[in-house]
Amino acid sequence: MNKVTLKKSPDRRYRRTISKRLGSQLTSKESFGQRVRALREGMNLKQSELAQMLGVSSKAISKIERGENGPKFERIEDIAKALGCTKAYLIEGETEHAATA
């Protein structure tokens, strides 16, 4: 794998590196959002409750679930922990890794 070096902000570097590693998987915001919503509803959580757990606004959760915005890469792990699943499940929908150990 080629190392990507940018002289821009670290945020952009993370996105570029992750995008190269995962290809189009991160561009499927709607699928990601659908999985977040299904897991949240399965836990009987309101958007505001999940937002409070993550330290973001309920509007941010709503936008993620509708596919309008994707979460920052650093947030994916936090979302996965809060919802009791793996990052792989949220990003790729891998069902064999859906539950955390």
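1. Definitions first. A residue counts as buried when its relative accessible area is under 20%, as exposed when it is over 50%, and as partly exposed in between (1.4 Å probe, protein chains only). The buried residues of H5 are then Ile76, Ile79, Ala80, Ala82 and Leu83. They lie on the same side of H5, because they cover an arc of only 160 degrees around the axis. The arc is taken from the directions that lead from the helix axis to the C-beta atoms. Just past the end of H5, Gly84 has a positive phi of about 70 degrees.

2. Basis of the note. This is a predicted model, in which local features need pLDDT of at least 70 and side-chain atom pairs count only at pLDDT 80 or more, while totals for chains, interfaces and linings use all residues. Residues are numbered from 1 along each chain as its sequence is written, and side-chain values use heavy atoms, with hydrogens and water left out.

3. Overall make-up. The protein has six helices and zero strands. Its elements run α-α-α-α-α-α from the N terminus on. Helices (H or I, at least four residues) and strands (E, at least two) are DSSP runs, numbered from the N terminus. Of the 101 residues in the protein, 25% are buried. Contact means heavy atoms within 4.5 Å. Among contacts between residues at least 6 apart in sequence, 48% join residues at least 24 apart.

4. Asn44 sits in the loop between helix H2 (29–42) and H3. Most residues other than glycine have a negative phi. Asn44 is not a glycine, yet its phi is positive, at about 55 degrees. Is Asn44 buried or exposed? Asn44 counts as exposed, because its relative accessibility is 69%.

5. Helix H3. This helix covers residues 47–54, and its buried residues are Leu50, Ala51 and Leu54. Their arc around the axis is only 100 degrees, so they are on the same side of H3.

6. H3 against H4. Two packed helices are described by the angle between their axes and the distance between the axes. Helix H4 spans residues 58–66; H3 packs with H4 at an angle of about 110 degrees, with the axes 8 Å apart. Axes are lines fitted to C-alpha atoms, for helices over the stretch in contact, and angles run from 0 to 180 degrees between N-to-C directions. H3 and H4 are therefore roughly perpendicular to each other. Angles under 35 degrees count as roughly parallel, over 145 as roughly antiparallel, 65 to 115 as roughly perpendicular and the rest as oblique. H3 contributes Gln47, Ser48, Leu50, Ala51 and Leu54 to the contact, and H4 contributes Ser58, Ile61, Ser62 and Glu65. By class, this contact has four nonpolar, four polar and one charged residues. Here Ala, Val, Leu, Ile, Met, Phe, Trp, Tyr, Cys and Pro count as nonpolar, Asp, Glu, Lys and Arg as charged, and the others, Gly among them, as polar.

7. Ser58. Ser58 lies in helix H4. Ser58 is partly exposed, because its relative accessibility is 35%. Which residues does Ser58 contact, leaving aside neighbours within four places in sequence? Ser58 is in contact with Gln47, Ser48 and Ala51. The C-alpha atoms of Ser58 and Gln47 are separated by 5.5 Å, with the two residues 11 apart along the chain.

8. The buried face of H4. Ile61, Ser62, Ile64 and Glu65 are buried in H4. Down the axis of H4, its buried residues fall within an arc of 160 degrees, so they line one face of the helix. Gly67 follows H4 with a positive phi near 80 degrees.

9. Glu65. Glu65 belongs to helix H4. Its relative accessible area is 5%, so Glu65 is buried. Not counting residues up to four places away in sequence, Glu65 touches Gly33, Gln34, Val36, Arg37, Arg40 and Gln47.

10. H3 against H5. Helix H5 spans residues 73–83; the axes of H3 and H5 come within 10 Å and cross at roughly 125 degrees. That makes H3 oblique to H5. The contact is made by Leu50, Met53 and Leu54 of H3 with Arg75, Asp78, Ile79, Ala82 and Leu83 of H5. By class, it has six nonpolar, no polar and two charged residues.
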